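The exercises below are meant to be worked with the sequence and the 3D structure open side by side. Try each task before reading its solution.

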Amino acid sequence: MSRPFRFGASMIVPAPAEEWRAKCRRAEELGYDVILVPDHLGMVAPFPALVAAAEATERPRLGTFVLNAGFWNPALLAREVATTDALTGGRLELGLGTGYVQAEHDTAGLPYGSPGERVDHLQRTIKELERLLGSPELPHARLRSSGGTPVPQPAQDRVPLMVGGNGDRMLRLAAEHADIAAFTGARPVPGNQAGKLLPITPEELDERVARYQDLTKGRAEPAERNLLVQLVAITGDPEAAVRPLVERVPDLTAARALELPLVLAGTLEEITAKVLAQRERYGFSYLTVLEPCMEAFAPVIASMQGR
């Protein structure tokens, strides 16, 4: 049986405190199940933003989408995760990835490394988090046992882990460790330091999902599968909606753009049918849209109730 749908909004536009809380309340009103924040320089700091979102809302889960592991020391990240989960009442979902924007690492004075080195660091981070979270080795637990000031432990027995990426090693990490496997529907342009992405075709995504399925054979509990949707437009003229994308991507036609998994453009009925078809084809029951598409996607959420 197919998993029921979940929908997330990735809040990518910084805002003053009250406007930030109002945006999060609006996401809840529109029916989003998860409020998410990215991890890019120039955007909000993930963990305090999620704590503020929790204070403004009651129902949605709260997640990182996704943390750039290269920005984080695993022991310090474990402290952030534990404290944020406690302060949000056990609503945290932790998304992790390797990072793909070299310019941000250069600005921060942090090493970027090769793709293999970035995956190595992510793997070490995941294993260290699994070792530390909820264990006596977490720094705050040692503090408590020695009579120091208590620091919150995670409210959840396990903070759900999302791993985001399409490469073979990333799929293996997701298969072995993740509660949520996140597929991007795009790939970085080699050598582009600004993190430019190009969409992958439906057929390429078929192959990546099939590879992931092979890696999960024998797993007792299947992971949830997530897709980031980059464009949403409820319209009677879908070709006009995708024209800016077509102009940016070499050799992409409007017809092929409308087939891309990360594009939802057309009438509400057409978009609803595509969302259902992609759950059947790829297993994507958890869809994330970017904040600028949050209002446009809301009718789709309403149309999916009970499906």
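**Exercise 1. Determine which residues of H7 are buried, what they pack against, and how H7 meets H8.**

The buried residues of H7, where buried means under 20% relative accessible area, exposed over 50% and partly exposed in between (1.4 Å probe, protein chains only), are Met170, Leu171, Leu173, Ala174, Ala175 and His177. These buried residues pack against E5, helix H5 (115-132), strand E6 (161-164), strand E7 (180-183) and H8; helices (H or I, at least four residues) and strands (E, at least two) are DSSP runs, numbered from the N terminus.

Before going further, note that this is a predicted model, in which local features need pLDDT of at least 70 and side-chain atom pairs count only at pLDDT 80 or more, whereas totals for chains, interfaces and linings use all residues. Residues are numbered from 1 along each chain as its sequence is written, and side-chain values use heavy atoms, with hydrogens and water left out.

Turning to the helix pair, H7 (residues 168-177) and H8 (residues 202-215) pack at an angle of about 45 degrees, with their axes 9 Å apart; axes are lines fitted to C-alpha atoms, for helices over the stretch in contact, and angles run from 0 to 180 degrees between N-to-C directions. H7 is therefore oblique to H8, given that angles under 35 degrees count as roughly parallel, over 145 as roughly antiparallel, 65 to 115 as roughly perpendicular and the rest as oblique. The crossing of the two helices is right-handed, a crossing being left-handed if the near helix is turned anticlockwise from the far one by less than a right angle, and right-handed if clockwise.

At the residue level, Asp168, Leu171, Arg172, Ala174 and Ala175 of H7 meet Arg208, Arg211, Tyr212 and Leu215 of H8, where contact means heavy atoms within 4.5 Å. Sorted by class, this contact holds five nonpolar, no polar and four charged residues; Ala, Val, Leu, Ile, Met, Phe, Trp, Tyr, Cys and Pro count as nonpolar, Asp, Glu, Lys and Arg as charged, and the others, Gly among them, as polar.

**Exercise 2. Describe the crossing of H11 with H12 and the residues that form it.**

Begin with the axes: those of helix H11 (residues 268-282) and helix H12 (residues 294-303) come within 10 Å and cross at roughly 65 degrees. H11 passes H12 in a right-handed crossing. The residues that make the contact are Leu268, Ile271, Thr272 and Val275 of H11, together with Pro299, Val300 and Ser303 of H12. By class, the contact has five nonpolar, two polar and no charged residues.

**Exercise 3. Explain why Cys24 and Cys293 are not paired.**

A disulfide is a covalent bond between the sulfur atoms of two cysteines, and here it is counted as a pair of cysteine sulfur atoms within 2.5 Å. By this rule the count is zero disulfides. Cys24 takes part in none, and the nearest cysteine sulfur, that of Cys293, is 17 Å away. Seen from the other end, the sulfur of Cys293 has its closest cysteine sulfur in Cys24 at 17 Å, which is too far for a bond.
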